[in-house]
Every structure is written in C-alpha cells, then in structure tokens.
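Please give a short briefing on the structure shown below, for someone who has not seen it before.

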Amino acid sequence: LAETLCCPPKPPTTSPVEMCSFCPDGVDDPDYLLPTEDGATCGVAKAFADTLASDDDMCQLTKLAETLCCPPKPPTTSPVEMCSFCPDGVDDPDYLLPTEDGATCGVAKAFADTLASDDDMCQLTKLAETLCC
C-alpha cells in the first residue's frame, strides 16, 4: 500500500520508433538550395527528416532530396584501373605540350588521373609521356 502512495508509476514500455534516415553519412552542402517553392536547403531537409518516423509519408517525400544532398557512395563494384601517366612523376609540370589548347604536362597528368585505363582518351593522353616523364 505504501508503494502505491509513494512511488510514481512506471511509464509504459513501448518499442522504439525507427527514425527517418536522411543522408546517414552526412550532407555534402547544408546550404545547397533545393528546387522547392519554400526555398528549403539540404540542411533544413536533414533536420526535418530527423524528426520523422521512418514509416511517415513525409519521410519518403523528404528522402527524394537525398540524390542532391548526400555525398556519393563509393562504388560497390570492383575498382576501375585508372590511367597511368608518368607513374614516377612529371619532370616539368609547366612544360607546354604541342597542342591547340595549350595544355601542359601537369594538366595532362591531372586529366589522365581522371580516366580509366581502358578509355581511348587515356591512350591518347599517354602519347605525351615521352615529353613529360
């Protein structure tokens, strides 16, 4: 009897609500303006989504902005072999190559680093190795 008079009742036990997951790895640019009428940003979308349950219709609607707000996920396929241009370094990054666009060895190296080894542009760029390496 004393326990019912002295002790507060225990709160009812409920299962935890699964919250809406929006950009779980963070938002790339919280100030990025989304194409909405209200001028929402990625930061606002993340903050709003964090208040919603995962089964809420607004969660699903808000998650549509993830393609614009979330950092890209690393590829799940096998890694692509990248173009190898002057693997031991460029002798003179400022050396002007005989091209119409005025590219330098440094520019050629930076460009090659963005290409897959089986890309035709890789093979074309590698022609400058004799001048750059």
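Helices here are DSSP runs of H or I with at least four residues, and strands are DSSP runs of E with at least two, numbered from the N terminus. This is a predicted model, in which local features need pLDDT of at least 70 and side-chain atom pairs count only at pLDDT 80 or more, while totals for chains, interfaces and linings use all residues. Residues are numbered from 1 along each chain as its sequence is written, and side-chain values use heavy atoms, with hydrogens and water left out.

**Disulfides**

- The structure holds 6 disulfides, a disulfide being counted where two cysteine sulfur atoms lie within 2.5 Å.
- When the bonded cysteines of the protein are numbered in sequence order, the pairing reads 1-4, 2-6, 3-5, 7-10, 8-12, 9-11.
- Cys20 and Cys59 form one of these links, with their sulfur atoms 2.1 Å apart, and the link is right-handed, with 85° about the S-S bond.
- This pair links distant parts of the chain, since Cys20 is in the loop between H1 and H2 whereas Cys59 is in helix H3 (residues 57-62), 39 residues apart.
- Cys20 and Cys59 are both buried, where buried means under 20% relative accessible area, exposed means over 50%, and partly exposed lies in between (1.4 Å probe, protein chains only).
- Cys23 is joined to Cys70 by a disulfide with an S to S distance of 2.0 Å, and this link is left-handed, at -90° about the S-S bond.
- Because Cys23 lies in the loop between H1 and H2 and Cys70 in the loop between H4 and H5, the pair ties together parts that are 47 residues apart in sequence.
- Cys42 is joined to Cys69, again with an S to S distance of 2.0 Å, and the link is left-handed, with -80° about the S-S bond.
- Cys42 lies in helix H2 and Cys69 in helix H4, so this pair ties together parts that are 27 residues apart in sequence.
- Cys42 is buried, with a relative accessible area of 0%, and Cys69 likewise counts as buried at 0% relative accessibility.

**Nonpolar cores**

- A nonpolar core is a set of buried Ala, Val, Leu, Ile, Met, Phe, Trp, Tyr and Cys residues that are joined through side-chain atoms within 4.5 Å.
- The largest nonpolar core has 12 residues in all, among them Cys20, Phe22, Cys23, Leu34, Cys42, Leu52 and Cys59.
- Helix H2 (residues 42-49) supplies the largest share of this core, namely 3 residues.
- A second, separate core has 11 residues, including Phe85, Cys105, Ala108 and Ala112.
- Leu34, a member of the largest core, touches Ala40, Thr41, Cys42, Ala45, Ala65, Leu68 and Cys69, not counting residues up to four places away in sequence, with contact meaning heavy atoms within 4.5 Å.

**Cysteines with positive phi**

- Cys23 has a positive phi of about 45° although it is not a glycine, and its place is in the loop between helix H1 (2-6) and H2.
- Cys23 counts as buried, at 1% relative accessibility.
- Cys86, also a residue other than glycine, has a positive phi near 45°, and Cys86 is found in the loop between helix H4 (66-69) and helix H5 (105-112).
- Cys86 counts as buried, at 1% relative accessibility.
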